[in-house]
Amino acid sequence: MSIDTETARRVAKLARIKVEDDALPALAQEFSAILGFIEQLNEVDVDGIEPMTSVTPQRLKRRTDVVTDGSQQAAVMKNAPDAREGFFAVPKVVE
Amino acid sequence: MTDLSKLTIASSRDALRKGDVSSAELTNAYLGAIEGAGALNAFVHHTPDIAKAQAAAADVRIKSGDAPDMCGIPLGIKDLFCTKGVPSQAASGILNGFKPEYESTVTTQLFDAGAVMLGKLNMDEFAMGSSNETSVYGNAVNPWKFDDRELTPGGSSGGSASAVAADLCLGATGTDTGGSIRQPAAFTGITGIKPTYGRVSRWGVVAFASSLDQAGPMTKDVRDSAIMLEAMCGHDPKDSTSMDMAVPNFEAALTGDIKGKVIGIPKEYRMDGMPAEIEKLWEDGTGMLKDAGAIIRDITLPHTKYALPAYYVIAPAEASSNLARYDGVRFGHRAKLDAGDGITEMYEKTRAEGFGAEVQRRVMVGTYVLSAGFYDAYYNRARKVRALIKRDFDQVFAAGVDAILTPATPSAAFGLGDMVDADPIQMYLNDVFTVTVNLAGLPGIAVPAGVDANGLPLGLQLIGRPWEEGDLLNVAYALEQAAGFVAKPQKWW
């Protein structure tokens, strides 16, 4: 499958990665090569096969739904690029 | 001081317990070796103060007679592991300056056992790469050379491999999503094991593809891998995929007796255009196991060919989801914004600046295969093929095969920069023999078994039954004994 520059632009947007217009054709070409490689999977007969959800046949462990951690505001905020008054600061989201 | 090139974890443990050497002495010797090895670019964050404090504490513990095997042993830690208060940035610009407020389970267990951290090790960005050339720190360099060219130590655990091979530490942590422990181990003439999925906790290890990622040790020999793996394993309530199962004494499994063990030789691993040297290495290895009393059986794993394409759907899909957290809000890099930029521009600029080209590529491929209209055609189909790949192995093991022998890599280490102009798929082919093991969740180990015409190390891979790392390590031990690989890189750094 060949990916055009419009599709490349849409995927970059979905992935929230800024790609300059002049870089889109090369990106589209790389996607096409990778997807071409992936398309070998169409040769495989997968009729009646369930998609794998867990490689080990184990049921996820259950635990009681209780608070086990917390009160670590300072540690949580420590690495924030912009933290103010105990909050993460971001550009205005709501007008 | 002792010749560091001759030390192993096992011999150091014994010398420490006998009082022949102290952890402080060992640690200082390694810190010195690291100082002199800048040209390898293996250690990217140095932690001498932590190392010295841990060594002093280890020496007290050893004197008191309460010393686990790893007590006082100087290690390197891959940058993918979160280490409290120490830069942990998965070799990515997007985690520039990130110092975790917590410690990964694996490093917690190693430190609780008394191990010493010398520093953090270079790697491919977010563990995406097979040559350590995608790192924000620059390339790690293989201590092995030929023709005076700088070679890749492999990837993604390239710094770990380089450091162990160059005697800058006694062992290193690695992680393996598609071959990232085994391929660099093979490229540098050391041993590395990826355990069964769920054996080692992933908590605190920066996630790449969560259904494939497993941590493991990279060491100078099989015995050291057994010792270090045991310290890394165990159930962790903080990782819901971690298996609640007793951890056996892996070192005790190393008897070297493999009489009657059935070793499978999968015909699908004999690739078109495989170099004659790799073919010969594989044949020699088969002969060695046979001579040691194993029964050799030709087997078939019919879906092998589809492992790499399935991997390049599943791994990027999971990565695109895992790496969504790098948005410039809670940690790491945030782009400088222009007037009028809103939150979307903040995300897009931050991720464009912070992620390198290969990471961007994989995140976008993952986004594409998960997007509406393509999810079934790509992602679900790949998960079905993955189920078939696992079934191939299940059938072979059910028929009585104990372990499978294959080459570890399709070539010896290549030159840094050699693949710059190749398309990404050429680089992906490095993992052709290792990636099946991750898809099937099995344990796999790379053991150095010979050298190529240029004198560079080559490795063989053994694949074991799930949860039977002890048995696998024992077959690897028998192979190691028979191969007698002792070559070391000549010091040029």
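The model is predicted: local features need pLDDT of at least 70, side-chain atom pairs count only at pLDDT 80 or more, and totals for chains, interfaces and linings use all residues. Residues are numbered from 1 along each chain as its sequence is written, with chains lettered from A and ligands numbered from 1 in the order in which they are written.

**Exercise 1.** Describe the build of chain A.

Solution. Step one: chain A contains three helices and two strands, where helices (H or I, at least four residues) and strands (E, at least two) are DSSP runs numbered from the N terminus. Along the sequence the pattern is α-α-α-β-β. Step two: the radius of gyration, taken over C-alpha atoms, is compared with the globule rule, 2.2 Å times the number of residues to the power 0.38. For chain A it is 23 Å, well over the 12 Å that the rule gives for 95 residues, so the chain is more spread out than a compact globule. Step three: along the principal axes, the C-alpha atoms of chain A fill a box of roughly 55 × 45 × 25 Å.

**Exercise 2.** Characterise the side of chain B that touches chain A.

Solution. Step one: contact requires C-beta atoms, placed from the backbone, to lie within 7 Å. On that basis 55 residues of chain B are in contact with 37 residues of chain A. Step two: α9, α10, α11, α12 and α13 of chain B each supply at least two residues of this side, and the largest share, 11 residues, comes from α12(B). Step three: by class, this side of chain B has 28 nonpolar, 12 polar and 15 charged residues. Here Ala, Val, Leu, Ile, Met, Phe, Trp, Tyr, Cys and Pro count as nonpolar, Asp, Glu, Lys and Arg as charged, and the others, Gly among them, as polar.

**Exercise 3.** Trace the sheet of 11 strands in chain B.

Solution. Step one: two strands pair if DSSP finds at least two bridges between them. The sheet is open, with mixed pairing and the order β1-β3-β2-β6-β8-β7-β12-β13-β11-β9-β10. Step two: β1 (43–46) and β10 (295–299) of chain B are the edge strands, each pairing on one side only. Step three: within the sheet, β7(B) and β8(B) run antiparallel and are joined by two bridges; B:T191 stands opposite B:T219.

**Exercise 4.** Compare how α7(B) and α8(B) pack against α15(B).

Solution. Step one: axes are lines fitted to C-alpha atoms, for helices over the stretch in contact, and angles run from 0 to 180 degrees between N-to-C directions. Angles under 35 degrees count as roughly parallel, over 145 as roughly antiparallel, 65 to 115 as roughly perpendicular and the rest as oblique. Step two: α7(B) and α15(B) pack at about 160°, with axes 9 Å apart, and are therefore roughly antiparallel. Residues B:V222, B:S225, B:A226 and B:L229 of α7(B) meet B:E469, B:L473, B:A476, B:Y477 and B:E480 of α15(B); these divide into six nonpolar, one polar and two charged. Step three: for α8(B) and α15(B) the angle is about 105° and the axes are 9 Å apart, so the two helices are roughly perpendicular. This contact is made by B:G285, B:M288, B:L289 and B:D291 of α8(B) with B:A478, B:L479, B:A482 and B:A483 of α15(B).

**Exercise 5.** Locate the cis peptide bond of chain B.

Solution. The bond joins B:G155 and B:S156, with omega about 5°. B:S156 lies in the loop between β5 (149–150) and α5 (158–165) of chain B.

Conventions: Two residues are in contact if their C-beta atoms, placed from the backbone, lie within 7 Å.
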